Amino acid sequence: MRKFRLILSFALAAAAFAASAGPALRPKAHYGEIGRRVAAMLPRHHILRQPLNDAVSRKAWTNIVTFYDVDHTIFLKSDVERLASRMLTIDDELKAGDVSFGYAVRALYSARLAERIAFATNFLAGTEWDFSEKETYCISRKDSPWPETREEAEELWRRRIKNEYLAMTLSREIDAEEKADDGGKDAEAGGGESGPKDDFREPELSVGASLVKKYLQYYRVMTEPDEENVLQYY
């Protein structure tokens, strides 16, 4: 019964995730004027007083792509290469009132993140864990190359999930040992229980269910359907 409930919780989580995917966001009509004003203000009011040129465009491109995928685990190499075609045109686009690049990056990111979260959910639902195999996972991948294929990206996520699953499992075991030690010390001191037992606490989620919840929450936060937020990030 417990296993059935766990599988059901994963299935419901996956269904909720699939239903949360909405249409791609697009800039509102007046956002172009905001872009033009930013393009005019930066050279005059930014502390560096630097012209809005290809050098600034390149930095802006790096900043927005890194903002969405700092660890290089969401985009594929081909995605980044496609986005790179506009690396030196952001300055010209802003001057012309075109802010579409920020929404193009966001749309691609949302699609790839959906793939990664779907993989994580399915993987956690059907995996038999084996921690005897020696494997490594680099937690900070900001200087690592983007994966070339979906399979390579999923392998990165498999290792990431395994690492987080093991870390959470060990953390819970340490917490349980510390609570047991504290309970023994209280009993030896004659203190007994300090208060009435709380029989109405929510049962703790399994490690797998906790990770699924974490990933789904991350997806919702990062893909919140708010056109203005996308513009502000850009």
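Visitor: Is Lys-142 buried, partly exposed or exposed?
Guide: In this predicted model, Lys-142 is partly exposed, its relative accessible area being 47%.

Visitor: Which residue does Lys-142 meet in a salt bridge?
Guide: The partner is Asp-143, with an N to O distance of 3.4 Å. Asp-143 itself counts as exposed, at 70% relative accessibility.

Visitor: And how many salt bridges are found in the whole structure?
Guide: The search gives 17. One of them joins Glu-93 to Arg-86, where the closest N and O atoms are 3.0 Å apart.

Visitor: Is Glu-93 buried or exposed?
Guide: Glu-93 is buried, because its relative accessible area of 12% falls under the 20% limit. Arg-86, at 22%, counts as partly exposed.

Visitor: Which residue pairs with Arg-150?
Guide: Arg-150 forms a salt bridge with Glu-154, and the closest N and O atoms lie 3.3 Å apart. The two residues are 4 positions apart in helix H7, so about one helical turn separates them. Arg-150 is partly exposed, at 40% relative accessibility.

Visitor: Which residues are joined into one network by shared partners?
Guide: That network consists of Asp-79, Arg-82, Arg-112, Glu-115 and Arg-116, linked by salt bridges.

Visitor: Back to helix H7. Where does Glu-178 lie?
Guide: Glu-178 is in helix H7, which covers residues 150–188. Together with Glu-173, Asp-175, Glu-177, Asp-181 and Asp-182, Glu-178 forms a negative surface patch. Its relative accessibility of 46% makes Glu-178 partly exposed.

Visitor: Which residues make the nonpolar surface patch?
Guide: Ile-34, Val-38 and Leu-42 make a nonpolar surface patch of about 190 Å². Ile-34 belongs to helix H2, residues 31–45, and is partly exposed, with a relative accessible area of 34%.

Visitor: A change of topic: where is Met-87?
Guide: Met-87 sits in the loop between helix H4 (77–83) and helix H5 (90–95). Met-87 is buried, with 16% relative accessible area.

Visitor: What does Met-87 touch?
Guide: Leaving aside residues up to four places away in sequence, Met-87 touches Ser-57, Arg-58 and Trp-61.

Definitions and conventions. Residues numbered from 1 in each chain as written. Predicted model: local features only at pLDDT ≥ 70, side-chain atom pairs only at ≥ 80, totals over all residues. Heavy atoms only, no water. Patch = residues over 30% accessible without salt bridge, like charges linked within 9 Å, V, L, I, M, F, W, Y side chains within 5 Å. Areas by Shrake-Rupley, 256 points an atom, 1.4 Å probe, with all protein chains shown as cover. Salt bridge = Lys/Arg side-chain N within 4 Å of Asp/Glu carboxyl O. Lys, Arg positive; Asp, Glu negative; His and termini not counted. Charge placed at Lys NZ, Arg CZ, Asp CG, Glu CD. Buried < 20%, exposed > 50% of the residue type's maximum accessible area, 1.4 Å probe, protein only. Contact = heavy atoms within 4.5 Å.
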